[in-house]
Amino acid sequence: MKEAFRGYVSRLKNNCSAKTYALWWVFRLGMIAMAIYSLFDQKNAGETITIEILMNMACMFIWEICMAMPKKNVFRYVQPFLQTLITIYVFIAVVAGYLLDFYYRVRLWDSILHFICAVAA
C-alpha cells in the first residue's frame, strides 16, 4: 500500500508544476471559504448551498483522482491543463452564480458558461 501511494505522489509531482498546484489551491481555498460563508448566509438555506458548493469543489480534484487510476486506464493520461480549466470554470460558476447572483442578474449566464466550456474543450 505504501508503494502504491508513493507511486501516486511521484506521478503527481512529475506530471504537474508547483505553480499549477498553487493556482489550483488558491481556487480550492476560495471554494472552502465560500462553503463556510454559505453556512452563515441568511439569504439562502445554508446547508443545501454548502453541500452543493462542496460537491462542485470535488470537481476541482478530478486530475488527482485520475492519477490514482491504473496504468491501463485512459483517464490517467489526462493533461493537468484540463484540471486548470475545470477549476477556474467551477470557481467562476459558483462565485459569480451564487455570490454575485449572476444567474438572475445576467441574462443567459448559464448559456455563457456552457459556451465557455465548449470553446475550451
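Predicted model: local features only at pLDDT ≥ 70, side-chain atom pairs only at ≥ 80, totals over all residues.

Before the surface, one term: a patch here is made of residues with over 30% relative accessible area and no salt bridge, and nonpolar side chains are joined into it within 5 Å. With that rule, Trp25, Leu29, Ile32, Ile36, Leu39 and Phe40 make a nonpolar surface patch of about 600 Å². Trp25 sits in helix H2. Its relative accessibility is 38%, so Trp25 counts as partly exposed.

The mean pLDDT of the protein chain is 79, and 90% of the residues score at least 70. Confidence is lowest in H3, with a mean of 72, and highest in helix H6, residues 102-105, with 86.

Now the overall layout. The protein chain has seven helices and zero strands, so to read it along the sequence is to read α-α-α-α-α-α-α, by the DSSP runs used here. Along the principal axes, the C-alpha atoms fill a box of roughly 50 × 35 × 25 Å. Of the 121 residues, 33% are buried. The chain exposes about 8,400 Å², and 70% of that comes from carbon and sulfur atoms. Among contacts with a separation of 6 or more, 62% are between residues 24 or more positions apart.

Which residues make up the largest nonpolar core? There are twelve in all: Phe27, Met31, Met34, Ala35, Ile53, Met57, Met60, Val90, Phe91, Val94, Val95 and Tyr98. Helix H2 (18-40), helix H3 (46-58) and helix H5 (80-99) each supply at least two residues of this core. H5 gives the most, with five residues. Another core, of seven residues, lies apart from this one, and Leu12, Cys16, Trp24 and Trp63 are among its members. As background, nonpolar side chains in soluble globular proteins tend to be buried together.

Leaving aside its neighbours within four places in sequence, Phe91 is in contact with Phe27, Gly30, Met31, Met60 and Ala96.

Now Arg28, which is in helix H2. Is Arg28 buried or exposed? Arg28 has a relative accessible area of 0%, and it is therefore buried. Not counting residues up to four places away in sequence, Arg28 touches Met57, Met60, Phe61, Glu64 and Gln83.

At 18% relative accessibility, Tyr21 is under the 20% cut-off and so counts as buried. With residues up to four places away in sequence left out, Tyr21 touches Leu12, Lys13, Cys16, Trp63 and Glu64. Leu12, Cys16 and Trp63 are among the residues of the seven-residue core. Tyr21 and Asp110 are 89 residues apart along the chain, and their C-alpha atoms are separated by 28 Å.

Thr84 is placed in helix H5. It counts as buried because its relative accessibility is 12%. Which residues does Thr84 touch, not counting residues up to four places away in sequence? The answer is Thr20, Leu23 and Trp24, and Trp24 is one of the residues of the seven-residue core.

Ile116 is found in helix H7, residues 109-120, and at 44% relative accessibility it counts as partly exposed. Ile116 and Tyr89 are 27 residues apart in sequence and 8.4 Å apart in space, C-alpha to C-alpha. Phe5 is in helix H1, residues 2-15, and counts as exposed at 54% relative accessibility. The C-alpha atoms of Phe5 and Val90, 85 residues apart along the chain, are separated by 28 Å.

The last item is a backbone angle. Most residues other than glycine have a negative phi. Leu108 is not a glycine, yet has a positive phi of about 65 degrees. Where is the place of Leu108? Leu108 lies in the loop between H6 and H7. At 55% relative accessibility, which is over the 50% cut-off, Leu108 counts as exposed.

That is what I have for today.

Methods:
Residues numbered from 1 in each chain as written. Heavy atoms only, no water. Core = buried A, V, L, I, M, F, W, Y, C linked by side-chain atoms within 4.5 Å. Buried < 20%, exposed > 50% of the residue type's maximum accessible area, 1.4 Å probe, protein only. Helix = DSSP H or I, 4+ residues; strand = E, 2+ residues; numbered from the N terminus. Contact = heavy atoms within 4.5 Å. Patch = residues over 30% accessible without salt bridge, like charges linked within 9 Å, V, L, I, M, F, W, Y side chains within 5 Å. Areas by Shrake-Rupley, 256 points an atom, 1.4 Å probe, with all protein chains shown as cover. Salt bridge = Lys/Arg side-chain N within 4 Å of Asp/Glu carboxyl O. pLDDT = per-residue confidence, 0-100.
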